[in-house]
Amino acid sequence: SSSLIGHLLGAINGSAITRGASFLRNAMGERVLPAGLSLIEDPHRPRTSGSRPFDAEGLPTSRRALVEDGILQGWTLDLATARQLDRASTGNAARSTGSGPSPTPWNVALTQGDASRKDLIRDMGTGLLVTSMIGSTINPNTGDYSRGAAGFWVENGEIAYAVNECTIAGNLRDMLLGLVPANDARTHLSRVVPSLLVPGMTLAGS
């Protein structure tokens, strides 16, 4: 579930937007998540790995909504990408010892739902509970998504048996718009994302 939100974060990263290599490059102000869901960045959470009072370019960081009530509110920018897009930096520059600054998201949290993961499995009826992924084929321009997966097959809302070496596929824009969150996010992590039900995906395997 966290990797799906990671693809959203990658698509609103200033580096991808300036290159035109993002399926959300023209989506500012549009719906990218279901109504009621927000994605909040908070770099001031105590004792969390993604927390910092200022970024790698010395600019102060602040809490902000990346997505509010399902609507995309802003990109993740450093000074260079902000200049290219004629915007202000969002205070998201990070750097390593061997490279210059680049836009990087800090702590993020997705709105949690009211149902438990068990409730989502029951509501799914028939489908796949994904526990691990292998490799990926993702087109950043279109959002076309295909990944190897393993997990448990679900029938009649109950786990039936283990599944290995199958493929799940879809389009990230559609997948994100159909998300149903559970209430089981681990709040001590930098990326607070609960289990997610993603309807309508294509599954393949023998």
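# Notebook: a walk through a predicted model

**Entry 1: Glu 41.** I began with a polar contact of 2.9 Å that joins the side chains of Glu 41 and Asn 92. By polar contact I mean a pair of N or O atoms within 3.5 Å; within protein, one must be able to donate a hydrogen and the other to accept it, and residues adjacent in sequence count only if both atoms are side-chain atoms. A note before going on: this is a predicted model, where local features need pLDDT of at least 70 and side-chain atom pairs count only at pLDDT 80 or more, while totals for chains, interfaces and linings use all residues. Residues are numbered from 1 along each chain as its sequence is written, and side-chain values use heavy atoms, with hydrogens and water left out.

Is Glu 41 buried or exposed? I found it buried, because its relative accessibility is 1%. My cut-offs are under 20% relative accessible area for buried, over 50% for exposed, and partly exposed in between, with a 1.4 Å probe and protein chains only. Glu 41 sits in strand β1. Helices (H or I, at least four residues) and strands (E, at least two) are DSSP runs, numbered from the N terminus. I then looked up what Glu 41 touches, with contact meaning heavy atoms within 4.5 Å. Beyond its neighbours within four places in sequence, the contacts of Glu 41 include Arg 63, Leu 66, Asn 92, Trp 106 and Val 108.

**Entry 2: the sheet around β1.** Next I followed β1 into its sheet. Five strands make an open, mixed sheet, in the order β3-β2-β1-β6-β11. β3 (71-72) and β11 (191-192) are the edge strands; each has a single partner, so one side of each has no neighbour in the sheet. Two strands pair here if DSSP finds at least two bridges between them.

I went through some of the pairs:

- β1 and β2 (residues 64-68) run antiparallel and are joined by 3 bridges, with Leu 39 opposite Val 67 in β2.
- β2 and β3 are antiparallel too, over 2 bridges, and Glu 68 stands opposite Ile 71 in β3.
- β6 (residues 108-110) and β11 pair in the parallel sense over 2 bridges, with Ala 109 opposite Val 192 in β11.

What do β2 and β3 form together? They form a hairpin with 2 residues between them, and Asp 69 in the turn has a positive phi of about 50°.

**Entry 3: Arg 25.** I moved to the loop between α2 (14-19) and β1 (39-41), where Arg 25 is placed. Arg 25 counts as partly exposed, because its relative accessibility is 33%. Which residues does Arg 25 touch, not counting those up to four places away in sequence? I listed Ile 17, Gly 20, Trp 75 and Asn 141. A polar atom of the Arg 25 side chain lies 2.5 Å from the backbone oxygen of Ser 22, and a polar atom of that side chain lies 3.2 Å from the backbone oxygen of Asn 141.

**Entry 4: Gly 143.** Gly 143 is in the loop between β7 and β8 (144-155). I noted Gly 143 as buried, because its relative accessible area is 0%. Leaving aside neighbours within four places in sequence, Gly 143 is in contact with Phe 23, Gly 170, Asn 171 and Leu 172. The C-alpha atoms of Gly 143 and Ala 11 are 8.9 Å apart, though the two residues are 132 residues apart along the chain.

**Entry 5: the largest pocket.** Last, I looked for open space. A pocket here, on a 1 Å grid over the protein atoms alone, is an open set of points where a 1.4 Å probe fits, with protein on both sides within 12 Å along at least five of seven lines; lining residues have an atom within 4 Å of a point. The largest pocket has a volume of about 970 Å³, where volume is the space filled by probe spheres set on grid points joined across faces, edges and corners. Its lining has 34 residues, and Ser 1, Leu 128, Leu 129, Val 130 and Leu 196 lie nearest its centre. Which strand gives the largest share of that lining? I found that β7 does, with 7 residues.
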